[in-house]
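Q: I'd like to learn how to read a model like this one. Can we go through it feature by feature?

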Amino acid sequence: MTLAVQFTNVSRAFGEVRAVDQVSIDIHDGEFFSMLGPSGSGKTTCLRLIAGFEQPSAGSIRIHGEEAAGLPPYQRDVNTVFQDYALFPHMNVRDNVAYGLKVKGVAKAERYTRAEEALAMVALGGYGQRKPVQLSGGQRQRVALARALVNRPRVLLLDEPLGALDLKLREQMQGELKKLQRQLGITFIFVTHDQTEALSMSDRVAVFNRGRIEQVDTPRNLYMKPATTFVAEFVGTSNVLRGELAQQLNGSQLPFSIRPEHIRLGDQPAASNEIQVSGLLHDIQYQGSATRYELQLDNGQLLSISQANNQWQEHTVPWQPGQRLQARWAREAMTALQEIVPDEGR
Amino acid sequence: MSLTVEKAAPAPMRRFSNLLYRRPNLYLALLLIPPLIWFGAIYLGSLLSLLWQGFYTFDDFTMAVTPELTLANFAALFNPSNFDIILRTLGMAIAVSIASATLAFPIAYYMARYTSGKTKAFFYIAVMMPMWASYIVKAYAWTLLLAKGGVAQWFVQQLNLGPVLQFILGIPGVGGSTLSTSHLGRFLVFVYIWLPFMILPIQASLERLPPSLLQASADLGARPWQTFTQVILPLSVPGIAAGSIFTFSLTLGDFIVPQLVGPPGYFIGSMVYAQQGAIGNMPMAAAFTLVPIVLIAVYLSIVKRLGAFDAL
């Protein structure tokens, strides 16, 4: 499989701060690849390194096999959809979309035809004469997408493009982006801090923390087999049990994670492959499709438990806060985690 | 159990502020009427009454102004000698505006894009400090700088550029006998004095330019000069237009620099000054006053036609 983008030991320092620290990634051609992480984790800097807005302090970045370090943005075969869309306010929609073709010297007739095609692709046919200020957020987003795609890049970079949209529009755009990516077959590199978004759209996800990658994996593996405590807690919700409690339950001091929906509450005796704990019911949150319980174990640790409300007649809660309850889960549902402690002096 | 609230009668101030809250238009009117009266009566009113005097008749023999309405003063603007003054001033205003914009843009660009914190404050002060000094002092200082044996000529001599200066001073319409009595000298002084008025609006317009627009342009394949001509320049045109309105109108109205530096001959400003002061021909002075107003109106409509304000 050919590589669209390859990072080898890439670092980017801003003064003392290493925004990106010894990152190596292989992004395959035609892949929907997400970079997920909290703000300041280095994911956006990685995207800007690919686009050419930043240059690496160390390491090598290859785009389709070609060394990119030192190349200015205008000599790279990648295009970016910016977080704030960055539409040119003095041009109408058509000129915005045709801009990349114009600066490359494509004749007017052809670039307008291609711009109209690109606009039609994002369902904005006929909006060419409007100015960006006359469009809604979602429409501007589509124009930004059309403006990037009209250049037929081999790699499309998306910097939290859905961040400014409301939830419904966001979910709709997620589906459309995924469809567009399949249809065009080009590599999408998508930066987001929203784990649901990353999981639902991507072929693979890289989880960033403090300038480093903690795990690169498929969404399913990321959720089912998180490698580190950070990934377990950042992707979805997880109970991370450490130290003595881990020793007692799992026979090892290593931290492990158990997902709230894999724990069951109730008085039935535990099966042979199950682990059972008891605690006081601390809190109950009704969430519609599920109910979340917090169980306080004897050592004080809170265990989050989610029970699906998948029976239409069972939306009542049989327990009261303060009640002692048993909880149990299958031994196989636990995932051993690595704990990455930040280096001293960073 | 019922909750009762004692309703005391509100104090007069409270009643008044409640009234204003309920009637936002009254509130707005109270805020705006005083400045509008000032603007309307003192500013526009006096300007219009001045222009109205342009229709009065001036008797050349008795030197008396009579309120008999005539268009003679406005027609006199097109006399060759008067029209010459208008053209000379207009030419200078255009040259000064272009030169100021050319000089100001790189400084403004550097200020907006590459400075922050203390460096930016330093640049603001450096740009504005000349404006703290009296305008007349600066104009007189320039007469000395440009005079024969002055600093400017000393520099030219040190650099062995004497013949070049002589050649430039020999060009009709630009030169004169010395720098301080040449059109070139007058032009230099105007550019110096009005430059801050050009830098600050351009800097403000560049400051508003989001960096992501420049990155988007480069990302889409534009080389730096394409980004400059396609994105930076069009979006800074409102700033350039605002700055050039300053330099243009200030040059059109100035009456001191033309008297101190440069060859003899009136500018619009010094003509108004002479007509009104020395000659007492108020109607002609009023007629001349109309010229810069008309020129700036024409200039603004051209700038607007060119789309300078579309990005606002």
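Q: Which residue is the bridge partner of A:S11 in β4(A)?
A: First, the ground rules. This is a predicted model, where local features need pLDDT of at least 70, side-chain atom pairs count only at pLDDT 80 or more, and totals for chains, interfaces and linings use all residues. Residues are numbered from 1 along each chain as its sequence is written, while chains are lettered from A and ligands numbered from 1 in the order in which they are written. Strands (E, at least two residues) and helices (H or I, at least four) are DSSP runs, numbered from the N terminus, and two strands pair if DSSP finds at least two bridges between them. Here, A:S11 has A:A58 as its bridge partner in β4(A).

Q: How do β1 and β4 of chain A run, and how many bridges join them?
A: They're antiparallel: β1 (residues 3-14) and β4 (residues 58-63) are joined by 5 bridges. β4(A) also pairs with β5 (residues 66-67) of chain A, in the antiparallel sense, over 2 bridges. In that pair, A:R62 has A:E67 as its bridge partner. The hairpin of β4(A) and β5(A) has 2 residues between the strands, and A:H64 takes a positive phi there, near 50 degrees.

Q: Over to chain B: how many helices and strands does it have?
A: Chain B has 14 helices and 2 strands. Its radius of gyration is 26 Å, well over the 20 Å that the globule rule gives for 312 residues, so chain B is more spread out than a compact globule. For the record, that radius is taken over C-alpha atoms, and the rule is 2.2 Å times the number of residues to the power 0.38. The C-alpha trace of chain B spans about 105 × 70 × 35 Å along its principal axes.

Q: Which residues of α13(B) are buried?
A: A residue is buried if 20 or more other C-beta atoms lie within 10 Å of its own, exposed if 12 or fewer, and partly exposed in between, with C-beta atoms placed from the backbone. In α13 (residues 268-279) of chain B, the buried ones are B:I268, B:G269, B:M271, B:V272 and B:Q275. They pack against α4 (80-114), α11 (224-253), α12 (257-260) and α14 (282-305) of chain B. Just after α13(B), B:G280 takes a positive phi of about 80 degrees.

Q: How many residues of chain A are in contact with chain B?
A: Contact means that C-beta atoms, placed from the backbone, lie within 7 Å. By that test, 19 residues of chain A are in contact with 18 residues of chain B. The largest share of chain A's side, 3 residues, comes from α2(A).

Note on methods
Two residues are in contact if their C-beta atoms, placed from the backbone, lie within 7 Å.
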